[in-house]
Amino acid sequence: MKLFVGLGNPGKPYEHTRHNIGFEVIDHLAVKLGITLDQAKFKGVYGFGIVNGEKVYLLKPLTYMNLSGESIRPLMDYYGIEDDELTVIYDDLDLPVGKIRLRQKGSAGGHNGIKSTIAHLGTMQFNRIRVGIDRPPAGMKVPDYVLGKFSSEEQQELQSVIEKCVNACEAAIKEPFLQVMNQFNQS
């Protein structure tokens, strides 16, 4: 079994913001895998499909970023999904736009969605795909920046990075995450 979770905030004002890149990756992954996000339960929207003989769940928590774990943990408990079968996709200020980094464990690094996930799982040992959004320009507050939209220059990088994330998720369905990590962290 595999569970891919994209972090973001629900609602029109947050669509296509830097903080919602996880939602965008899940939307693209759903189309590519032919999975419809048509279930509303566990404080989120999710879908299920069989891909290469593997049960695959896709989830977008609708709890707002800071409470993401409140959606992830109940879905995992209900379907019997193990921590090592979870991959969380989220924005990262410490990576430039266009870059992704895969990890199998680690701290929250100041990301409230990951803090909530760690708190509800009781572990830092779960797979992550961090998507670079870069740091705000001097004088701009972090909350304003992450809740802002990508610039037109960044938009050009966006489709490519979303595709890279989708490809990494697809690879993680077939191969061990460590192998996928080694492959995608090279680029």
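Me: What covers the buried residues of α2?

Reply: The cover includes β1, β3, β4, β5 and α3 (112-121). The model is predicted, so local features need pLDDT of at least 70 and side-chain atom pairs count only at pLDDT 80 or more, whereas totals for chains, interfaces and linings use all residues. Residues are numbered from 1 along each chain as its sequence is written, and side-chain values use heavy atoms, with hydrogens and water left out.

Me: Which residues of helix α2 are buried, and what makes a residue buried or exposed?

Reply: In α2 (residues 69-79) they are Gly 69, Ser 71, Ile 72, Arg 73, Leu 75 and Met 76. Buried means under 20% relative accessible area, exposed over 50%, and partly exposed in between, with a 1.4 Å probe and protein chains only. Helices (H or I, at least four residues) and strands (E, at least two) are DSSP runs, numbered from the N terminus. Just after α2, Gly 80 takes a positive phi of about 70 degrees.

Me: Why is Pro 136 called buried?

Reply: Its relative accessibility is 17%, and the limit is under 20%; therefore Pro 136 counts as buried. Pro 136 sits in the loop between β7 and α4. Leaving aside neighbours within four places in sequence, Pro 136 is in contact (heavy atoms within 4.5 Å) with Leu 93, Val 142 and Tyr 145. Pro 136 and Leu 93 are 43 residues apart in sequence, yet 8.1 Å apart in space, C-alpha to C-alpha.

Me: Why is Asn 52 called exposed?

Reply: Asn 52 has a relative accessible area of 58%, and exposed means over 50%; Asn 52 is therefore exposed. Asn 52 lies in the loop between β3 and β4 and has a positive phi of about 50 degrees although it is not a glycine. Most residues other than glycine have a negative phi. Lys 43, in the loop between β2 (39-41) and β3, also is not a glycine and has a positive phi, of about 55 degrees.

Me: How do you know that the span of α1 is close to the expected one?

Reply: The expected span is 1.5 Å times one less than the number of residues. α1 has 13 residues, and the expected 18 Å is set against a reach of 18 Å from its first C-alpha to its last. Among the buried residues of α1 are Phe 23, Ile 26 and Leu 29, and their cover includes β1 (2-6), β7 and α5.

Me: What makes a set of residues a nonpolar core, and which members of the largest one touch the most others?

Reply: Such a core is a set of buried Ala, Val, Leu, Ile, Met, Phe, Trp, Tyr and Cys residues joined through side-chain atoms within 4.5 Å. Of the 35 residues in the largest, Phe 4, Leu 102 and Ile 129 touch the most other members. α5 gives the most to this core, with 10 residues. Another core, of 20 residues, lies apart from it and has Leu 3, Leu 7, Tyr 46 and Val 88 among its members.

Me: How are the residues lining the largest pocket divided by class?

Reply: The lining has nine nonpolar, nine polar and eight charged residues. Ala, Val, Leu, Ile, Met, Phe, Trp, Tyr, Cys and Pro count as nonpolar, Asp, Glu, Lys and Arg as charged, and the others, Gly among them, as polar.
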